[in-house]
Amino acid sequence: MYIRFMGSALVVIGLYGVLWGKDREVSEKEEEREKVKQQNHKVKSESNEDIESRLPVASSGNGSTRSTSP
């Protein structure tokens, strides 16, 4: 009877360990997705802020400060 109790306890502890590990794995994946989501949002907001400031400046002599493409 003592052996059956020990076997049962080992099975329960093993199952608990597997479930605990799986929960941590899912939590880490969710945190990674959130970080990537925040980074993508930051990049998108930076690229949309002032696109004209990224255009090259040309000095053509006619008073224009921005170059135009044909």
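## Starting at Glu-25

Glu-25 sits at a relative accessible area of 34%, so Glu-25 counts as partly exposed. Keep in mind that this is a predicted model. Glu-25 is a handy place to start, since its side chain takes part in the salt bridges described next.

On one side, Glu-25 pairs with Lys-22, and the closest N and O atoms of that salt bridge are 4.0 Å apart. On the other, the side chains of Glu-25 and Lys-29 meet in a salt bridge at 3.6 Å, N to O. The count of salt bridges comes to two, and together they link Lys-22, Glu-25 and Lys-29 in a network.

## How the spacing works

As a general point, side chains of opposite charge can pair when their charged atoms come close.

## The overall fold

Helix H1 covers residues 2–49. The chain has 70 residues, and 0% of them count as buried. To be called buried, a residue needs a relative accessible area under 20%.

The protein chain exposes about 7000 Å² of surface, with carbon and sulfur atoms supplying 59% of that area.

## A negative patch

Which residues gather in a patch of negative charge on the surface? They are Asp-23, Glu-28, Glu-30, Glu-31 and Glu-32. Glu-31 is found in helix H1. With a relative accessible area of 51%, Glu-31 counts as exposed, because the cut-off for that label is over 50%. Glu-25, by contrast, falls in the partly exposed class at 34%.

## A nonpolar patch

There is a nonpolar patch on the surface too, made of Tyr-2, Ile-3, Phe-5 and Met-6. Together these residues have about 520 Å² of accessible area.

Ile-3 belongs to helix H1. Is Ile-3 buried or exposed? At 71% relative accessibility, Ile-3 counts as exposed.

Note on methods
Residues numbered from 1 in each chain as written. Predicted model: local features only at pLDDT ≥ 70, side-chain atom pairs only at ≥ 80, totals over all residues. Heavy atoms only, no water. Buried < 20%, exposed > 50% of the residue type's maximum accessible area, 1.4 Å probe, protein only. Areas by Shrake-Rupley, 256 points an atom, 1.4 Å probe, with all protein chains shown as cover. Patch = residues over 30% accessible without salt bridge, like charges linked within 9 Å, V, L, I, M, F, W, Y side chains within 5 Å. Lys, Arg positive; Asp, Glu negative; His and termini not counted. Charge placed at Lys NZ, Arg CZ, Asp CG, Glu CD. Helix = DSSP H or I, 4+ residues; strand = E, 2+ residues; numbered from the N terminus.
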